[in-house]
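Hi everyone, thanks for making time this morning. I'd like to walk you through a few local features of one model, so please have a look at it with me.

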Amino acid sequence: MTTADASVDGLLVDLTDGVLSVTINRPDSLNSLNAAVLTGIADIFEAAADDPRVKVARLGGAGRGFSSGAGIGADDPGSSESGGDPVEVLHLANRAVRAIVALPRPVVSVVQGPAAGVGVSLALAGDLVLAGDTAFFMLAFTKIGLMPDGGASALVAASVGRARAMRMALLAERISAADALAWGLVSNVYPAADLEAEVAAVLDRLRHGPAVSQALTKNAINAATLTEFEPALGRETEGQITLLHGTDFREGIKAFQERRTPTFTDT
């Protein structure tokens with residue numbers, strides 16, 4: 001696959017005037033992430049790293065949200081309840097997030113609504129996170145007996161610090177756009193009606209910027225702030241695989257689908 005001819009079910013991809021636009025296009029499920037979508041994101045960003053036409057990348061979601069995270073509903077293709085392999089999805093999410101972080105071009109994440117679960121990881125993998133004022137962020141993993149993954153334990157803590165990262169991860173609270181900005185989780189927040197125009201202005205500024213300078217700057221800041229990124233992926237993968245085989249995860253998924261409070265029993 002090359003950047004220009006990428007065609008993936010569940011993704012909209014466009015490369016125009018140096019701007020690579022990758023949009024998760026599963027609005028009926030709030031852009032939940034399955035194996036095909038995550039593979040597509042990884043393939044596209046890996047190909048873009050060697051594509052001189054790409055000056056800047058935009059990562060967003062169609063409809064009213066960025067991404068609700070990995071699909072867990074019984075009717076969501078790729079979910080554990082529909083025969084998908086959650087361990088495969090975990091590894092593919094890691095690959096996608098790595099590709100975004102490693103891209104030697106600026107990546108702008110656009111969050112106009114909910115970003116939850118590993119959707120938070122994908123958004124924070126971007127270099128500039130631009131949010132609408134109705135957006136929110138939620139590390140919802142503990143609600144179903146899991147732990148943050150996709151590098152979230154490093155990406156979130158690098159942005160907001162240990163205390164707030166613990167609060168997000170352990171309590172699974174919704175963090176509003178205003179709080180996300182105050183905490184340093186996002187770069188800017190705009191009124192919903194102004195978001196796309198503001199994003200376009202940022203993309204235009206970046207695509208006309210000095211490419212080598214931007215690449216070296218991105219690499220230097222990531223090297224200084226994401227020293228635990230790769231170790232975090234390893235720890236998260238090991239822990240998540242253990243949790244995926246636990247009773248609490250099965251109970252969490254069942255409770256989610258039955259719209260009730262789970263009763264966790266693992267010790």
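Arg259 is exposed, with a relative accessibility of 80%; exposed here means over 50% relative accessible area, buried means under 20%, and partly exposed is in between, using a 1.4 Å probe and protein chains only. You'll find Arg259 in the segment after α10 (247-257). Helices (H or I, at least four residues) and strands (E, at least two) are DSSP runs, numbered from the N terminus. The phi of Arg259 is near 55 degrees, a positive value in a residue other than glycine.

A quick word on the source: this is a predicted model, where local features need pLDDT of at least 70 and side-chain atom pairs count only at pLDDT 80 or more, while totals for chains, interfaces and linings use all residues. Residues are numbered from 1 along each chain as its sequence is written, and side-chain values use heavy atoms, with hydrogens and water left out.

Now over to Asp17, which sits in the loop between β1 (11-16) and β2 (19-24). Its phi is near 50 degrees, again positive in a residue other than glycine. Is Asp17 buried or exposed? Asp17 is exposed, at 59% relative accessible area.

For a contrast, turn to Gly132 in strand β6. Gly132 is buried, with 1% relative accessibility. Which residues does Gly132 touch, leaving aside neighbours within four places in sequence? Its contacts (heavy atoms within 4.5 Å) are Val111, Gln112, Ala177, Val189, Tyr190 and Leu195. Pro191 is 59 residues away from Gly132 along the chain, yet their C-alpha atoms are separated by 5.7 Å.

Last stop, a pair of helices. α4 (152-160) packs against α9 (residues 229-244) at an angle of about 135 degrees, with the axes 7 Å apart. Axes are lines fitted to C-alpha atoms, for helices over the stretch in contact, and angles run from 0 to 180 degrees between N-to-C directions. The two helices are therefore oblique to each other: under 35 degrees counts as roughly parallel, over 145 as roughly antiparallel, 65 to 115 as roughly perpendicular, and the rest as oblique. From α4, Ala152, Ser153, Ala154 and Leu155 meet Phe229, Ala232 and Glu236 of α9. By class, that contact has five nonpolar, one polar and one charged residues; Ala, Val, Leu, Ile, Met, Phe, Trp, Tyr, Cys and Pro count as nonpolar, Asp, Glu, Lys and Arg as charged, and the others, Gly among them, as polar.
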